[in-house]
Amino acid sequence: MTIDLLPHLKQMLSAPGLSGYEDPVREIVRDAWELLSDEISVSRTGSLHALKRGDGPDPCPRVMLSAHMDAIGLMVTGIADGFLRFTQIGGIDPRILPGQMVTVHGRRDLPGMVVMPPAHLLPPEAGSGVAALPYLLIETGLRANEVDKVVRVGDVVSFAQEPVDLAGGALAGHTLDNRVSVAAVTHCLDILSRRKHAWDVWAVASSQEEVGLTGAFTSPVEIRPDFAIAIDVTFARSIGSSDWRSFPLGSGVTLAWGPNIHPALYDEIAATANELDIPFTREPAPGMTGTDAYAIQVVQSGIPCLLIGIPLRYMHTPVETVSLKDVRRAGRLMAEFISALPLDFMQTLEWK
Amino acid sequence: MSPNQKRTPNSRQRIGKRQTDLLASLCNALSVSGDEQEVREIVLREVKPICQSVKVDALGNVLATRIGSGADRVRVMIAAHMDEVGFMLTQDEGDGLYGFSIVGGIDERQLVGKPVIVGREHIPGVIGAKAIHLTTPDERKTALKVEQLRIDLGPGGAGLANVGDRAGFATRYTEIGPSIRAKALDNRLGVVNLIELLRSAPENIDLLAAFTVQEEVGLRGARTAAYHFNPQIGIAVDSTPANDLPAYDEDDENTRYNTRLDHGPAIYLMDGATIADRRLAEWLMTSAEAEGIPYQIRQPNPGGTDAGAIHKTRAGVPSISVSVPQRYCHTAAGLIRKSDWENTLRLLGAALSRLDSKILTPLEA
């Protein structure tokens, strides 16, 4: 079977799934991965595991693909005259919030909007310049008595901006970080369903990456992979984002290089990409990568890791922009690499 | 007029599907000051069948006249501006990225992270922001300026748009419970209200309807429209901020709200551009009270409407403004109550039916 990637991605974007509250998006990923795998389960911390068995003799060596499915968002901290005060889940620049459309997940879902009160209602230091998070409000369009009935402190709030198709095969929307990587894993499983592969493939849609890599620290304990590939978004070049940390949009994936990455594994996947003409850029990661790879590497007695990056503009805003070509490239690179893995691959990796 | 006069049919005007559908199509249209064609086309389609004369003047105003049948008719000009605040592309930087300027008054802090539409084709784009991961804490305390932002049409966007094209927020009209959320409610509400008033104009007046251009950049259309019509009375129908949010400090009461939702149409006594004619204010308030229509006085403070230009035209035109209160004017999405809109239309309809030129005789001291 072949999964149509754009509808799959948009379906994931339509579902909430804030860190710790991943259930709605997990159901959508499960529906897609169930068709492409042999076993499916959910970890104690909410990550989705799908096993696609290899053709090798039991027990096969195992590779784990980890793409976090959780989203950044907001949580209600108070209600004032029908307006909601809130805090953040994950890293959010308060400057992007005024005027953002959201969904308040109360006793029922309410459409809402983040609003910035006029200066005279705020302390002097907050009125001009940037209104920090505590000064912003959510407007639901309902009268105060109705809001009091439907919303409670602790309700989560997700971004609601509909994704926008842009010229040149790009998509803009919220939570493309990191649903595009989940889509890339789906694409990989889809290709592998028509290929022979000796290794067992464990696809993981991990939980709570944005608040401390919870899923990535825990799933490898159950799966015990021989090595792992983390897939996440990286910075695409755009206004204000042009230094060495940013990569051109639509010109290929990145392969991270640095202490979180096993150098011999890097050489192997880079060789595969070169052989198949899948464009990539080496992404210098001199310190921590801030991705699932950072956690997975140090689980138990250690796991060799790779990190594939999909360039994305305007990260952690509701208009994150990605090129679908790069998403497919990430999926294809993983599938090609995995299907070519010999059973004794780990024994051939050498420190040099 | 007597407060005991029987209620006029116009005071029973209701907001139904026809009105909300029209408002939705008007709000979803893009009509930035100086390029009002999309809204002008909708207005012409709506008013041509119901007016004796319709013309488009040198600036692009739509000037429509509906003549009454009574004797001693009052010549009333009502103005509703068709334009909205928005953007103009100013620089093509290649790769689908365009620099832009703001047209009218938009707080720069409202720009970041929004989808936009560009040009007559409504080409989709976004205004992005640097990833939080690449910012410093100090940077995050400094508001982004329009010069630091770009409209991004995507990697295939090179050559899709032209310098000079207008752009606006991509927000779509939505009804939420008792409220309506949309861009450009300032002043598509006025445009719908004026079209509705033309439909049901009473016979005791000549209704001189000016759908004006360039209000947001200096009340420019209203000036020439008022000259053309030479009316006895001028009324601007618009939308005005409702700053009725809670104060951050819970011990503070918000006493500077300008207007409040759920309190009915806002009648102006004074703004930054006009001191409203006292006789007209009296007429509107008396009409509202006689018909049992709620209203509020807009707190006198800066701001302005087309009345600012109309009242100084020719030898002077007694003028006033009536607005629908709206939260979050001049942002990606404003919010109104349907009931306030309905009561605004009811008030205007009822007051026009009760209008007689005697109200223009000098007031007693």
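**View 1. Contacts of A:Leu65 in the predicted model.** Leaving aside neighbours within four places in sequence, A:Leu65 is in contact with A:Val185, A:Cys188, A:Val201, A:Ala203, A:Val204, A:Ile229, A:Ile231 and A:Met334 (contact: C-beta atoms, placed from the backbone, within 7 Å). A:Leu65 is also listed with B:Val76 and B:Ile78 as having the most contacts inside the largest nonpolar core, a set of 222 residues. Such a core consists of buried Ala, Val, Leu, Ile, Met, Phe, Trp, Tyr and Cys residues joined through C-beta atoms within 7 Å. Helix α5 (residues 176-192) of chain A gives the most to this core, with ten residues. The model is predicted: local features need pLDDT of at least 70, side-chain atom pairs count only at pLDDT 80 or more, and totals for chains, interfaces and linings use all residues. Residues are numbered from 1 along each chain as its sequence is written, and chains are lettered from A and ligands numbered from 1 in the order in which they are written.

**View 2. Helix α7 (residues 263-276) of chain A.** The helix has 14 residues and reaches 20 Å from first to last C-alpha, close to the 20 Å expected at 1.5 Å a residue (expected span: 1.5 Å times one less than the number of residues). Helices (H or I, at least four residues) and strands (E, at least two) are DSSP runs, numbered from the N terminus. A:Leu265, A:Ile269 and A:Ala273 of α7(A) are buried. They lie on the same side of α7(A), because they cover an arc of only 70 degrees around the axis (arc: directions from the helix axis to the C-beta atoms). On the other side, A:Ala271, A:Asn274 and A:Glu275 are exposed. Buried means 20 or more other C-beta atoms within 10 Å of a residue's own, exposed 12 or fewer, and partly exposed in between. The cover over the buried residues includes β13 (227-236), β15 (253-257), β16 (280-284), β17 (305-313) and α9 (324-339) of chain A. Just after α7(A), A:Asp277 has a positive phi of about 60 degrees.

**View 3. The contact between chain B and chain A.** Chain B contributes 53 residues and chain A 57 residues. On the chain B side, β6 (114-118), β7 (123-127), β10 (174-176) and β11 (179-182) each supply at least two residues. β7(B) gives the most, with three residues.

**View 4. The two domains of chain B.** Domain 1 spans 9-84 + 183-360 and domain 2 spans 86-169, with bounds from an automatic or database domain assignment. Their centres, taken over C-alpha atoms, are separated by 31 Å. Eleven residues of domain 1 and twelve residues of domain 2 make the contact.

Note on methods: Two residues are in contact if their C-beta atoms, placed from the backbone, lie within 7 Å.
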